[in-house]
Amino acid sequence: MQFTRDQQADLSIRSIERGAIRIGEDTLTASFALTTEDIVRDWPVQEMAGLDVAQLEPLLAAQPEMLVVGTGWQHQFAPRELMFALARRGIGLEVMDTPAACRTINILLGEGRRVAALLIMD
């Protein structure tokens with residue numbers, strides 16, 4: 001029997017604590033973005049206020065069906081314009097605190113869904 005490596009397993013979130021998220025063997029300490037194929041390190045966005053679709057274009061190029069945003073340890077609401085812009089593109093938006101976002105991302109990756117994520121560290 002031939003085994004193939006599950007590529008998404010390398011991007012699953014192994015642990016989270018305030019100020020650090022471990023993905024595989026990497027520990028990330030700054031805000032970052034994640035697609036089903038790649039990690040975009042040192043993402044410049046630090047809060048939801050002012051986030052717009054133009055800032056998300058590198059993530060949207062991966063054609064996700066859903067964008068999960070972790071807003072840090074405190075929940076923040078997404079700008080209305082962002083919700084509408086993503087809806088017009090047929091992309092779902094889920095906004096929650098970063099620990100909840102990490103759990104959600106792992107579930108979606110495990111289901112083989114095309115997901116992108118923005119995880120804000122604070």
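Reader: What is the accessible surface of the chain, and what share of it belongs to carbon and sulfur atoms?
Author: In this predicted model, the accessible surface of the chain comes to about 6900 Å². Carbon and sulfur atoms account for 49% of that area.

Reader: What share of the residues is called buried, and what makes a residue buried?
Author: A residue is called buried when its relative accessible area is under 20%. Buried residues make up 45% of the 122 residues in the chain.

Reader: Why is the chain called as compact as a globular protein of its length?
Author: The chain has 3 helices and 8 strands, which follow one another as β-β-β-β-β-α-β-α-β-α-β along the sequence. The radius of gyration is 14 Å, and the globule rule gives 14 Å for 122 residues; the two values are close, so the chain is as compact as a globular protein of that length. The C-alpha trace spans about 50 × 30 × 20 Å along its principal axes.

Reader: What share of the contacts joins residues 24 or more positions apart?
Author: A contact requires heavy atoms within 4.5 Å. Of the contacts in the chain with a separation of 6 or more, 68% are between residues 24 or more positions apart.

Reader: How far apart are the mean positions of the positive and negative charges?
Author: The chain carries 11 positive and 17 negative charges, and their mean positions are 3 Å apart.

Reader: In what order do the strands of the open sheet stand, and what is the pairing called?
Author: The sheet has 5 strands in the order 5-4-8-6-7, and its pairing is called mixed. Strand 5 and strand 7 (92–96) each have a single partner strand; one side of each therefore lacks a neighbour in the sheet, and these two strands stand at the edges.

Reader: How do you know that two strands of this sheet are paired, and in which sense do they run?
Author: Two strands pair if at least two bridges are found between them. Leu34 has Ile39 of strand 5 as its bridge partner. Strand 4 also pairs with strand 8 in the antiparallel sense, over 3 bridges, and Phe32 has Leu119 as its partner there.

Reader: Which strands pair in the parallel sense, and over how many bridges?
Author: Strand 6 (residues 66–70) pairs in the parallel sense with strand 8 over 5 bridges. In that pairing Val69 has Leu118 of strand 8 as its bridge partner. Strand 6 also pairs with strand 7 in the parallel sense, over 5 bridges, where Met66 stands opposite Gly92.

Reader: Why is strand 8 called largely enclosed by the rest of the structure?
Author: In strand 8 (residues 115–119), 5 of the 5 residues are buried, so the strand is largely enclosed by the rest of the structure. Val115, Ala117 and Leu119 point one way, Ala116 and Leu118 point the other way, and all are buried.

Reader: What makes strand 6 largely enclosed?
Author: Strand 6 is described in this way because 5 of its 5 residues are buried. Met66, Val68 and Gly70 point one way from the strand, whereas Leu67 and Val69 point the other way, and all are buried.

Reader: Which strands form a hairpin, and how many residues lie between them?
Author: Strand 1 and strand 2 form a hairpin with 2 residues between them. The antiparallel pairing of strand 1 (residues 13–17) with strand 2 (residues 20–23) has 4 bridges, and Ser15 has Arg22 as its bridge partner. Gly19, in the turn, has a positive phi of about 90°.

Reader: Are Asp42 and Gln63 buried or exposed, and how do you know?
Author: The term exposed applies over 50% relative accessible area. Asp42 has 60%, so it is exposed; Gln63 has 64%, so it is exposed as well.

Reader: Where is Pro44, and is it buried or exposed?
Author: Pro44 lies in the loop between strand 5 (39–40) and helix 1 (57–60). Its relative accessible area is 67%, which means that Pro44 is exposed. Pro44 and Ile120 are 76 residues apart in sequence, and their C-alpha atoms are 9.2 Å apart in space.

How values were computed: Residues are numbered from 1 along each chain as its sequence is written. This is a predicted model: local features need pLDDT of at least 70, side-chain atom pairs count only at pLDDT 80 or more; totals for chains, interfaces and linings use all residues. Side-chain values use heavy atoms; hydrogens and water are left out. The radius of gyration is taken over C-alpha atoms; the globule rule is 2.2 Å times the number of residues to the power 0.38. Buried means under 20% relative accessible area, exposed over 50%, partly exposed in between (1.4 Å probe, protein chains only). Accessible areas come from the Shrake-Rupley method with a 1.4 Å probe; for residues, only the protein chains shown count as cover. Lys and Arg count as positive and Asp and Glu as negative; His and the chain ends are not counted. The place of a charge is taken as NZ of Lys, CZ of Arg, CG of Asp or CD of Glu.
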